[in-house]
Structure formats: C-alpha cells, structure tokens
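These are my notebook entries on one structure. I set down what I looked up, in the order in which I looked.

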Amino acid sequence: MHIAEGFLPPLHAVAWGAASAPFVVHGVRALTREVKANPESTLLLGASGAFTFVLSALKIPSVTGSCSHPTGTGLGAILFRPPIMAVLGTITLLFQALLLAHGGLTTLGANVFSMAIAGPWAGYGVYLLLKRFDVPLMVTVFFGAFFADLVTYCVTSVQLALAFPDPGSGFPGSLAKFGGIFAVTQIPLAVSEGLLTVLVMRLLMQSSKSDLVRLGVAKLSGRGEQKAAL
C-alpha cells in the first residue's frame, strides 16, 4: 500500500497531505482527551500502534511504486475509534518512512489518507453496522479488520489512477488496472488480517477485559463478568 518516496506528482502529494491534515489534528485532540481521562489506556494504545507497525511493515512487492501488506489498523479503530487511529497510523507511517525506507515523506499525506484515515473509518463503519444487528463480536471484528485493509488498497488504487491515468482509457482504465493487480495479493491478505485480528481480540478478552468493557467493545454479563459474543 505504501506509495514510494517521490512517486506522486508534487501537486498530488500536497493535495493528499492537505486532505489528511484535519483528520490527524482532530485525532491528536481525541488522543489527548483519551490519555488524560483514562491513563490506563496507554498500554493498549501502544499495543495497537505496535500491531499496526509490525503488520504494515510486512511488505510484498506489487504495483510499481507501491506494495501489498496487511495494515493492522482495524484493531485500533475498533478499540479507540478512527480519529485516534489516524494519529497512530501517521506515527507508524512516519517511522517506517524514516527508518525502513517504506513509503516516503513526500507521499506521507497520501499514505496517511489511505491507511490511517479511509481504511479505519471503513472498517469501523462495518464493525458498527454489524454490531447494531447483534452479530457476534468476533465476526464484527473480522469484517471490521477485513474492510479496513481492503478499503485502504481501494483508496491507494484511486490515488495512483488519479496520478497516472491510462493514455487510452483514462482514469477508469487505470483504476481497473491498479485495482486488479492489487486484488491478487490483497484479498488473501485482508482475510488473513481479519483472522489474526480476531485472535488478538480473543487474547485481549482474557488479559484486558476491564479495558474492553470501558471502551464499549465487550459487555458485562448479568453476573458482573465481562463477556463477548463468540
């Protein structure tokens, strides 16, 4: 997903940076409020950020100028909501650009918009929708993570198609090409990420039940025990 350093035209790079900035600023405020109100959240916040960093660093070469990999943003979006995930994702992308040469500073805005904003909002939206219909928790977690991953790559395909329209078929043709190439690797990766996120959530249900109840992810049973619909 990470678009490589210098790959986007300057105007596109600036535009995506400007589009991402308000979400990140709002996320910083939300993160500050969360930490002040619930200092005990810092450990889970760190774990969510680390989960995103590790998964999104596992890159598989894909379309020229980009790559395929899990994103890891669905977990943080479900736990802390998309605004905070925008900050965690931005920090992840910045460190990867500086330390791993994965992505880049000039393409940071575009990568933030796709992986730290669009993906988490899509995944969280699916999670909330399924939750309203009383779908079991782990099923909602799977599809939340799945769509957070998949939508990230859909947005990246749009970004690349806008920057490099096909000479003959224009934007639609370019979008079909980029999306088709990404789909070969990304759909299996999205399924794998969904399953891994479910596994992590099950572990959190055992080790951090009180935090999940406070965050509204798990529920209290009639006997006062935290539970999740499995």
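Which residues does His12 touch, not counting residues up to four places away in sequence? I found that His12 touches Leu162 and Ala163, where contact means heavy atoms within 4.5 Å.

**Entry 1: conventions.** I note that this is a predicted model, in which local features need pLDDT of at least 70 and side-chain atom pairs count only at pLDDT 80 or more, while totals for chains, interfaces and linings use all residues. Residues are numbered from 1 along each chain as its sequence is written, and side-chain values use heavy atoms, with hydrogens and water left out.

**Entry 2: confidence.** I looked up pLDDT, the predictor's confidence in each residue, from 0 to 100. The protein chain averages 90, and 91% of the residues score at least 70. Among the elements, helix 1 has the highest mean pLDDT (97) and strand 4 (residues 226-227) the lowest (42). The pLDDT is below 50 over residues 223-230, a stretch that has 19 contacts in the model beyond near neighbours in sequence. Helices (H or I, at least four residues) and strands (E, at least two) are DSSP runs, numbered from the N terminus.

**Entry 3: the start of the chain.** I returned to His12, which is found in helix 1. His12 is partly exposed, with a relative accessible area of 23%; buried means under 20%, exposed over 50%, and partly exposed in between (1.4 Å probe, protein chains only). I then took the separation of His12 and Arg33: 21 residues in sequence and 33 Å in space, C-alpha to C-alpha.

Leu8 lies in the segment before helix 1. With a relative accessible area of 7%, Leu8 is buried. Setting aside residues up to four places away in sequence, I list its contacts as Ile3, Ala13, Trp16, Thr107, Ala110, Gln159 and Ala163. From Leu8 to Val25 I noted 17 residues in sequence and 23 Å in space, C-alpha to C-alpha.

**Entry 4: nonpolar cores.** A nonpolar core is a set of buried Ala, Val, Leu, Ile, Met, Phe, Trp, Tyr and Cys residues joined through side-chain atoms within 4.5 Å. The largest one has 30 residues, of which Leu79, Met201, Leu212 and Val217 touch the most other members. At least two residues of this core come from each of helix 1 (10-37), helix 2 (42-56), helix 3 (73-80), helix 4 (82-99), helix 5 (108-132), helix 6 (137-163) and helix 7 (170-207). Apart from this core lies another, of 21 residues, including Ala86, Ala116, Tyr153 and Leu160.

Which residues does Leu212 touch, not counting residues up to four places away in sequence? I recorded Leu44, Leu79, Met201, Leu204, Met205, Val217 and Ala218.

**Entry 5: aromatic pairs.** I found seven aromatic pairs in the structure. Rings of Phe, Tyr and Trp (its six-membered ring) pair if their centres lie within 6.5 Å; planes under 30 degrees apart count as stacked, over 60 as edge-to-face and the rest as tilted. Phe23 and Phe113 form an edge-to-face pair, 6.3 Å centre to centre with 85° between the planes. This pair links distant parts of the chain, with Phe23 in helix 1 and Phe113 in helix 5, 90 residues apart. Phe23 is partly exposed, at a relative accessible area of 35%.

Why is the pair of Phe146 and Phe147 edge-to-face? The ring centres of Phe146 and Phe147 are 5.2 Å apart and the planes stand at 85°, so the pair is edge-to-face. Phe146 is buried, at 14%, whereas Phe147, at 30% relative accessibility, counts as partly exposed. Phe142, Phe143, Phe146 and Phe147 form one aromatic cluster.

**Entry 6: Thr71.** I placed Thr71 in the loop between strand 2 (67-68) and helix 3. Is Thr71 buried or exposed? Thr71 is buried, with a relative accessible area of 0%. Leaving aside neighbours within four places in sequence, its contacts are Thr52, Leu55, Ser56, Met115, Ala148, Asp149, Thr152, Tyr153 and Glu193.

**Entry 7: positive phi.** Most residues other than glycine have a negative phi. I noted Ala101, which has a positive phi of about 55° although it is not a glycine. Ala101 sits in the loop between helix 4 and helix 5, and at 61% relative accessibility it counts as exposed. Asp134 has a positive phi near 60°. The place of Asp134 is in the loop between helix 5 and helix 6, and Asp134 counts as exposed at 64%.
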